[in-house]
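Biologist: Thanks for sitting down with me. Could you take me through this one, a piece at a time?

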Amino acid sequence: MSGLRPTLPHLLLVAVGAAAGAVLRWGLDTAIPDGVLPWTTLAINVSGAFALGVLPVVVRHSHAAALALGPGLLGGFTTVSTWALEVRDLAADDRVGLAGSYLGGTLAAALVAAHLGRRLAQRPEPEDALT
């Protein structure tokens, strides 16, 4: 994607995807209450990282799909700002250990999820998959 000049259709694809991703995240965040930890944001960011790991392999032949789903849908779905705000709120509530665990745990889980997504997407098909 780098090196390509953005065009209006490209910007619209990203904008539409981002709007859909943000609405999806808002819906999940509203529907699922958090407990001691902001589990919903954690699940959103880890599942989004997994999807971002899979995405380049899945949409390698469609630049438009890559734009709409990558920086668009998954960019709007995942959230670093909410994660940072939640870490700050936990620390401000004198739950510094929990805030640090949430900070590091989310980062580690997202990195592992992205790696697993990438590995899974690059896995060769079994020879009998199409028979």
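Biologist: Leaving aside its neighbours within four places in sequence, which residues is Leu103 in contact with?

Modeller: A word first: this is a predicted model, where local features need pLDDT of at least 70, side-chain atom pairs count only at pLDDT 80 or more, and totals for chains, interfaces and linings use all residues. Residues are numbered from 1 along each chain as its sequence is written, and side-chain values use heavy atoms, with hydrogens and water left out. Leu103 is found in helix 5; helices are DSSP runs of H or I with at least four residues, numbered from the N terminus. Contact means heavy atoms within 4.5 Å, and beyond neighbours within four places in sequence, the partners of Leu103 are Trp83 and Val87.

Biologist: And is Tyr102 buried or exposed?

Modeller: Tyr102 lies in helix 5. Buried means under 20% relative accessible area, exposed over 50%, and partly exposed in between, using a 1.4 Å probe and protein chains only. At 2% relative accessibility, Tyr102 therefore counts as buried.

Biologist: How are helix 2 and helix 5 oriented to each other, roughly parallel or roughly antiparallel?

Modeller: Axes are lines fitted to C-alpha atoms, for helices over the stretch in contact, and angles run from 0 to 180 degrees between N-to-C directions. Helix 2 (residues 39-58) and helix 5 (residues 96-122) pack at about 25°, with axes 7 Å apart. Angles under 35 degrees count as roughly parallel, over 145 as roughly antiparallel, 65 to 115 as roughly perpendicular and the rest as oblique. Helix 2 and helix 5 are therefore roughly parallel.

How values were computed. Helices (H or I, at least four residues) and strands (E, at least two) are DSSP runs, numbered from the N terminus.
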